[in-house]
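I set down what I looked up, one topic to an entry.

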Amino acid sequence: MTGLGRIPEKHRFDLIVIGGGISGACMVHEATLYGLNAILLEAGDFGHANSSNSLRILHGGIRYLSRLQLRACRQSCAEQAWFARRFPRYTRSVRCLYPIENSLGDYLAARALKGVYRVSTWGLTRGGTETTEMDSRRANYHRAYREMTGTDAANFVDWEEVVMMSPARILIQLLKQSCLLGNACVNYTQVDRLDHRDGRIRGVYAHDVEHGTEYHFEAPFVVNCGAARIPGCEVVQSRLPRSPQSLAVNLVLRKPVLEDVILVGRGRQAGDNTILLTPRNGHLVAGTFHFATEHSDRSSQPSSNQLIECVQQLNRIFPQAEFERDNIVGVESGALPVSRRGERIPRLPDQIHTQMTRDGKSGLITVRNMKYTTAHRLARKTLHRIAPQATRRRDPGPVEYENFDWSAYHPNRVIPRQRLAETLKTLCRQEAVRQLSDLTLRRTEWGREASFRRQDLVEVADLTGLSFCGESLSAAGAVMGSLSEATTVAASGESPIQTS
Ligand SMILES: Cc1cc2nc3c(=O)[nH]c(=O)nc-3n(C[C@H](O)[C@H](O)[C@H](O)COP(=O)(O)OP(=O)(O)OC[C@H]3O[C@@H](n4cnc5c(N)ncnc54)[C@H](O)[C@@H]3O)c2cc1C
């Protein structure tokens, strides 16, 4: 059994949380603040699934206005501010631009919507910092838009969103703090089934995915944040309001980035998505594309045809940009529950499903989270149900831990292999990761940079015995059949790794 913090010897708890994504991380963190003795069980690396694949936008609520969900808008704004306040090092404000092409009606409607946004979030601290740079840069935005679309934007409606520089670090911070305050977060331990007797939850049966050792964890409450088909959870899952599953896809593209703004592009034909072009470490990330799917498997990958469809959609929206399949250097994807077009997003209490029996609550709760900005609030509401009498202690704030200085290992530096391998092994132990690629995501942006030298990591992986999956990169390569090593490996310079 591996994990962050202490590995528990006794297997009896107040609460078991299944799943180490952002929902589980917020849940165990809240449980810790409520003074519960909790354990989080994750089948892989913490945050390896959907939580690492997001477009990284902490939505401030403006997206809910098209459905006139003012309450959801207000809550989202407050949650965005919570993330920005709590993780100032890992979040930043980015200006969003929504182009108005020619209709005065559209422009007035967009301005009116912005006015409604201001009113519905009145009195709240916003996560984004308002800047006054828009006017001085307006000409640049007009030019960039013309270059990408071949048409002129009559105007732009702009607002601030908050983006996460590293979702993985945010998540790990929450887990680490929970561990520092006495709880346990264990990974590579998969929950197989529930222990459910006499109409009540007694715990879960799990196994170590590497060694196969079986465990029985006992607790009167289990919160399932894994959306997994765990035997025993079906009863609850069949009670969830049926919402369609969507395969959500982001493309990481090697294209000139926009000047630190997020450009919103409206779909041009029925079935197209509204696409956001966001800058990230020298790349352009386009998302989120949605495809209807029957699967709820979070590791789902888009097919080759679906990737081609994404590129075609992009070219319909930004025809002059001439996106090509070969521009794709990474794919981020996962299956998500989504609300139907025009349908209202479920209220938060409806996203928490408590299995009821004749005797009252059975102790099994399934949480179906849709956004980062709902995870923390969902956790608070769930914990309030589990421990209504408990007093919640004050959140002591972020635990900072030293970041590994990856710059020393950057291309063109000569590093003794053995030293690098030892350092990485220690880091992986500290972080409880087995995938070198997950470690690089967590402690650096190295893997996402333009000068990323994939072969270096592969070599180090061999040396350390750690696996390197480079999922997003290799997935793109596999389905496109066109991603050569040359596109991911820096063009110049010898390997910085040297045999000692
Ligand atoms: C392409 C894409 C773009 C997105 N963009 C955004 C965005 O810009 N902003 C935003 O707010 N949201 C975005 N989202 C949505 C957001 O990423 C998800 O809502 C969020 O990550 C859900 O977190 P989670 O913890 O519920 O699920 P996950 O992160 O998927 O975590 C579930 C965890 O449960 C574990 N698990 C499953 N079964 C078991 C088991 N039996 N035992 C132990 N562990 C188990 C899994 O290993 C996994 O780690 C995006 C999603 C995708 C796919």
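**Entry 1: L253.** I located L253 in strand β12 (residues 245-253); helices (H or I, at least four residues) and strands (E, at least two) are DSSP runs, numbered from the N terminus. The model is predicted, local features need pLDDT of at least 70, side-chain atom pairs count only at pLDDT 80 or more, and totals for chains, interfaces and linings use all residues. Residues are numbered from 1 along each chain as its sequence is written, and side-chain values use heavy atoms, with hydrogens and water left out.

Is L253 buried or exposed? L253 counts as buried because its relative accessibility is 0% (buried means under 20% relative accessible area, exposed over 50%, partly exposed in between, with a 1.4 Å probe and protein chains only). I then listed the contacts of L253, leaving aside neighbours within four places in sequence: H283, L284, A286, L314, F323, N327, I328 and V329 (contact means heavy atoms within 4.5 Å). Between L253 and A286 I noted 33 residues in sequence and 7.5 Å in space, C-alpha to C-alpha.

**Entry 2: T278.** I found T278 in strand β14 (residues 275-280). T278 is buried, with a relative accessible area of 4%. Not counting residues up to four places away in sequence, T278 touches L55, I57, I262, H283, L284 and V285.

**Entry 3: strand β3.** I checked both faces of β3 (residues 38-41) and found them covered: A38 and L40 on one side are buried, as are I39 and L41 on the other. Strand β2 (residues 15-18) runs parallel to β3, joined by 4 bridges; two strands pair if DSSP finds at least two bridges between them. I18 has L41 as its bridge partner in β3. Strand β7 (residues 184-187) also runs parallel to β3, with 3 bridges, and there V186 stands opposite L41.

**Entry 4: helix α1.** Which helix packs against α1, and at what angle? The axes of α1 and helix α5 (residues 167-180) come within 9 Å and cross at roughly 30° (axes are lines fitted to C-alpha atoms, for helices over the stretch in contact, and angles run from 0 to 180 degrees between N-to-C directions). α1 is therefore roughly parallel to α5 (angles under 35 degrees count as roughly parallel, over 145 as roughly antiparallel, 65 to 115 as roughly perpendicular and the rest as oblique). I recorded the residues of α1 that meet α5, among them I22, A25 and V28, and their counterparts in α5, including L171, L174 and L175.
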